[in-house]
Amino acid sequence: MEKSRINVTKSSMPTFEEYCEEIKPLWESRWLSNRGAESVKFEEELKKYLGVEEVYCFANGHVALEVAIDGLKLQGEVITTAYTHISTTHSIVRNGLTPVFVDVKEDNYTIDPDLIEKAITDKTVAIVATHVYGFMCDVERIEEIAKKYNLYVIYDAAHAFGVTYKGIGAGNFGDISMFSTHATKVFHTIEGGVVTYKTKDDEKFLPMREIVNFGFRGHEEVCHIGTNARMNEFEAAMGVCNLRHIDEEISKRKAIAERYYERLDGVKGIKIPKPDKHTKWNYAYFPVIFDGYKLNRNEIQEKLGKDNIYARKYFFPITNKVECYKEQYGSVDLPVSSRVADTVLTLPMYADMTIEDVDRVCDGILND
């Protein structure tokens, strides 16, 4: 008999009854989109949980990042990482900006600040950096560089919901941070994205709040070439429900990670990256590097797949090597990013995973 399937991720959900209770008012109001009561409620709860001044919700994480960058009206070069989801690079390029790729650090695969500074030219206008797997970038060093050269800092914090650094929420760093709330994330709204920033009274953030709604300012004046990137009320309601349980869900994920550490940490040829001592992690993913192990990454993935276990090469390939970018950017030398992309496998990780599931994954890796 075929064994049960273990996916790389599985969405956390409130109870059916809790969600139904939350969406009941929608049948009376019939206000299903365009910042109704659930969206307003959700944003206020998000501010409290993330410890930020302002949030704005979007239809998904990609449009959130793309619109946030668009709102700043930048022209020129953006220093960024190729060790990220393709969405990050697309968000830069679709705004008419030129990505300048630099390599990542060896310890947690986030962008290397020393290489950022070396890459700055008179055309550089911003830094777009990714908190990889929920591991935080060197936010202090990046802030120093940004202030020195008068650059915007935009964080792709898609993986970092609930993460804190030295007690400060991830959404407080840089000019803008974007959290994905896609169904595969630690915290989700089915589909969705959230942008955090310092204050809505700052005029530089006004375009972002208008571009999201076709560029409208008020009911008649269209001030921007906009898009439709609004979160709907059913998604906001899912967010309200899931936010009530997020700390419990992260605790469950922590228990899963600890079992993985117990079984795999210290095995020759297996490297497990971990957050630094100042970071309160959200256990968003469980990346493992297979470098010098008896089987390579691809062989491990194939072996697990035969046992109905689905791990993911994440991130692979690095974004400057994908078909649409490789002709222009593929020759950029990013040795650390390339090596990690060729050896990393993210193992199944979700709150409802059992210890027996973890052991089955580990047995698949360790046993001949």
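Trainee: Which handedness does the crossing of α9 and α12 have?

Mentor: Two packed helices are described by the angle between their axes and the distance between the axes. A crossing is left-handed if the near helix is turned anticlockwise from the far one by less than a right angle, and right-handed if clockwise. Here the crossing of α9 and α12 is right-handed. Keep in mind that this is a predicted model, where local features need pLDDT of at least 70, side-chain atom pairs count only at pLDDT 80 or more, and totals for chains, interfaces and linings use all residues. Residues are numbered from 1 along each chain as its sequence is written, and side-chain values use heavy atoms, leaving out hydrogens and water.

Trainee: At what angle do the axes of α9 and α12 cross?

Mentor: Roughly 130°, with the axes of α9 (residues 297–306) and α12 (residues 355–366) coming within 9 Å. The two helices are therefore oblique to each other (under 35 degrees is roughly parallel, over 145 roughly antiparallel, 65 to 115 roughly perpendicular, the rest oblique).

Trainee: Which residues make the contact?

Mentor: Contact means heavy atoms within 4.5 Å. Ile300, Lys303 and Leu304 of α9 meet Val361, Asp363, Gly364 and Ile365 of α12.

Trainee: And what is the order of the strands in the open sheet?

Mentor: Strands pair if DSSP finds at least two bridges between them. The order is β7-β6-β13, with antiparallel pairing. β7 (168–169) and β13 (279–280) are at the edges with a single partner strand each, so one side of each has no neighbour in the sheet. Between β6 (residues 164–165) and β13 there are two bridges, and tyrosine 165 has threonine 279 in β13 as its bridge partner.

Terms used: Axes are lines fitted to C-alpha atoms, for helices over the stretch in contact, and angles run from 0 to 180 degrees between N-to-C directions. Helices (H or I, at least four residues) and strands (E, at least two) are DSSP runs, numbered from the N terminus.
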